[in-house]
Amino acid sequence: TQTPICGKDFKTGQTLMNGMGVLHLEIKQHRMERDFGLKVRVGKPRVSYRETLRRSVKVWGECIRQTGTAPLFARVELAFEHFRGHQPITFVNTLDSAKLPPVFVNAVEQGVRSALQSGEVGYPVIDVAVRLTNAETHQTDSNEIAFQAAAAQAVNTALKDNIVLLEPVMRLEVTVPEEYLGPVTADLNARRAEIQDVLFRGNLRVIEAQVPLARTFDYADTVRSLSQGRASYTLEPHRYEPAPDEVLRRLLGEDVN
């Protein structure tokens, strides 16, 4: 597990804390209240969604400004494709230094990576390979700022109406007496959980499942109620998977009915 990281939302004045799940955040909340004597008001946890490409595209981005005291010129062609590598974003330059100097290539990469930190919906983009396939420069008006801006415009164009929302999926193990197996299983099905296996452990049953993090925020109270306090569970991050279309539409503020 990772220690939650705090940050400030300057629009709302709230302090944001990242964690691996509700229990992880509650432990930190109790520590703040117990160790530092703080009165903490908490809101509903947010899900750390991600975005990725729906389809491969090749686009041009440009930054051309001929007015003012500092004209700018840069044009880049970038190819985007889905790719699950060792890093969330893979950048590949296919141009030699005669076509585009290394300092401008670095600027393009910086612009790409910066723009992909916030996708079309506002979440980081992952599992994407970006290839720099072409570029145009101007003898006097091209600089690093221009190429960063051109790369960012290309990213925005590539992501427009072309993203898949990814939701975190957790690995869940529930240990429950057999007489409560039915209600617990039915509740998991209602949470869009995929039950992988049901095993015996002495007089108990062990349910192994995968469930979206967004559907687990009230699980501790629910499973306690369904089993009269006799069930226990463990929850850990597993992977990211495409979220249902209605989740994306809800984040975009569209009607999901």
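Which residue in β5 is the bridge partner of lysine 58? The views below, taken from a predicted model, begin with that pair.

**View 1. Pairing of β4 with β5.** The bridge partner of lysine 58 is alanine 79, in β5. β4 and β5 run antiparallel and are joined by nine bridges.

**View 2. The four-stranded open sheet.** The strands follow the order β4-β5-β7-β6, and their pairing is mixed. Because β4 and β6 stand at the edges with a single partner strand each, one side of each has no neighbour in the sheet. From one strand to the next, the twist averages 25°.

**View 3. Helices packed on the sheet.** α2 touches β5, β6 and β7, and its direction makes about 155° with that of β6. α3 also packs on the sheet, where it touches β4, β5 and β7. The direction of α3 makes about 40° with that of β5.

**View 4. The largest nonpolar core.** This core has 39 residues, and Leu78, Phe80, Leu100, Val108, Val112, Leu132 and Phe147 have the most contacts inside it. Elements that each supply at least two of its residues include β4 (57-65), β5 (72-82), α2 (102-115), β7 (128-136) and α6 (245-251). α3 gives the most, with eight residues. In soluble globular proteins, nonpolar side chains tend to be buried together.

**View 5. Surroundings of leucine 78.** Beyond its neighbours within four places in sequence, leucine 78 is in contact with Val57, Lys58, Val59, Val108, Val112, Val130, Arg131, Leu132, Thr133, Ala151 and Ala154.

Note on methods: Residues are numbered from 1 along each chain as its sequence is written. This is a predicted model: local features need pLDDT of at least 70, side-chain atom pairs count only at pLDDT 80 or more; totals for chains, interfaces and linings use all residues. Side-chain values use heavy atoms; hydrogens and water are left out. A nonpolar core is a set of buried Ala, Val, Leu, Ile, Met, Phe, Trp, Tyr and Cys residues joined through side-chain atoms within 4.5 Å. Buried means under 20% relative accessible area, exposed over 50%, partly exposed in between (1.4 Å probe, protein chains only). Contact means heavy atoms within 4.5 Å. Two strands pair if DSSP finds at least two bridges between them. Axes are lines fitted to C-alpha atoms, for helices over the stretch in contact, and angles run from 0 to 180 degrees between N-to-C directions.
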